Amino acid sequence: MIEIHQFPCLKDNYGFLAHDPESGTTVAIDTPDGEKYLIEASNRGWTIDEIWNTHWHPDHAGGNELIKKETGCRILGPAGEAEKIPGIDQDLSGGDEIGLGDMKVNIIDVPGHTLGHIAYHIPSAKTAFVGDALFALGCGRVFEGDADMMWKSLSRLKALPADTTIYCAHEYTQANARFALSVDPDNPALTAYAKEVEAKRSRGDWTVPTVLSRELEANPFLRADDADLQAAMGHAGDPVATFAEIRARKDSF
Ligand code: ZN
Ligand code: FE
């Protein structure tokens with residue numbers, strides 16, 4: 001079974017190393033801090049064989065070149081923004097399949113935050129690495145795409161098995177929870193989740209990873225197809241306009 005080592009990087013990013021003990025393969029998911037990744041890997045006796053980038057932002061691909069120089073690893077990343085991924089060896093887009101040891105890994109297109117953003121889904125490990133597409137109780141800012149594109153991307157993630165563990169790239173959950181309560185105050189699943197997040201953060205505990213089933217119930221950005229939330233946002237029957245309204249409110253919250 002896959003081992004995932006998670007560690008804080010930069011201000012509020014998480015770093016992830018995924019290790020398959022059977023084949024001895026180690027993958028770095030994004031590279032917010034190359035030096036930290038090298039230290040965390042070597043502390044475990046692991047050598048980074050591959051980097052899987054989700055998108056081009058420097059807090060996700062900034063450590064690529066250092067890690068490649070030190071380990072000779074291969075770099076896989078989004079075809080849609082390959083020219084912005086330092087050291088990329090292999091372009092990936094939705095529907096592609098790669099491997100981690102014997103495990104299949106499916107590539108999912110999740111553009112919106114950036115135009116080429118991809119996610120990595122490992123069905124046999126019930127695990128997905130989603131970068132800045134989806135956060136616990138939030139989603140990425142729509143910098144390069146539009147609301148329609150981002151809603152389609154989130155809909156692809158919504159369709160994964162509900163028991164999928166979601167590794168998102170930032171610890172933003174406490175601020176996300178406070179915002180979520182402002183748009184969906186009567187949602188008991190959200191109220192309970194938000195309470196738990198406050199308690200965890202007050203102890204300094206991490207709120208990542210999350211599980212898709214909890215996000216489906218509580219994350220307003222995944223609930224733009226919910227009739228009550230649509231009505232509350234003034235866009236009955238329109239998930240894209242509802243999503244756009246929630247995103248706009250969050251951007252100025
Ligand atoms: Zn980003
Ligand atoms: Fe980021």
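This text walks through the metal site and then the aromatic rings of a predicted model.

Start at the iron ion (ligand 2). Four residues coordinate the iron ion: Asp59 and Asp132 through OD, His60 and His170 through NE2. The distances run from 2.1 to 2.3 Å. Along the chain, these donors follow the spacing D-H-x71-D-x37-H.

Now look at the geometry. The angles among the 4 donor atoms range from 85 to 166°, and the site is irregular. For four tetrahedral donors, the ideal angle is 109.5 degrees.

The iron ion (ligand 2) has a neighbour. The zinc ion (ligand 1) is 3.2 Å from the iron ion, and Asp132 coordinates both. Asp59 sits in helix α2 (residues 58–61), while His170 sits in the loop between β13 (165–168) and α5 (173–183), so this pair ties together parts that are 111 residues apart in sequence. Both Asp59 and His170 are buried.

Next, the rings. The structure holds 11 aromatic pairs. One of them is Trp52 with Tyr120, a stacked pair with 5.1 Å between centres and 15° between planes. Trp52 belongs to strand β4 (residues 50–52) and Tyr120 to strand β9 (residues 118–122), so the pair links distant parts of the chain, 68 residues apart. Trp52 counts as buried because its relative accessibility is 0%. Tyr120 is also at 0%, so Tyr120 counts as buried too.

Other rings gather in a group. Trp151, Phe179, Phe221, Phe243 and Phe253 form one aromatic cluster. Finally, find Tyr193: Arg214 lies over the face of this ring, at 4.3 Å from the ring centre.

Terms used:
Residues numbered from 1 in each chain as written. Chains lettered and ligands numbered in written order. Predicted model: local features only at pLDDT ≥ 70, side-chain atom pairs only at ≥ 80, totals over all residues. Heavy atoms only, no water. Phe/Tyr/Trp six-rings, centres within 6.5 Å; stacked < 30°, edge-to-face > 60°. Helix = DSSP H or I, 4+ residues; strand = E, 2+ residues; numbered from the N terminus. Buried < 20%, exposed > 50% of the residue type's maximum accessible area, 1.4 Å probe, protein only. Lys NZ or Arg CZ within 6 Å of the ring centre and 35° of its normal. Donors = N, O, S within 2.8 Å, 3.2 Å for Na, K, Ca; no water. Tetrahedral: all angles 85-135°; square planar, octahedral: opposite > 155°, others 65-115°.
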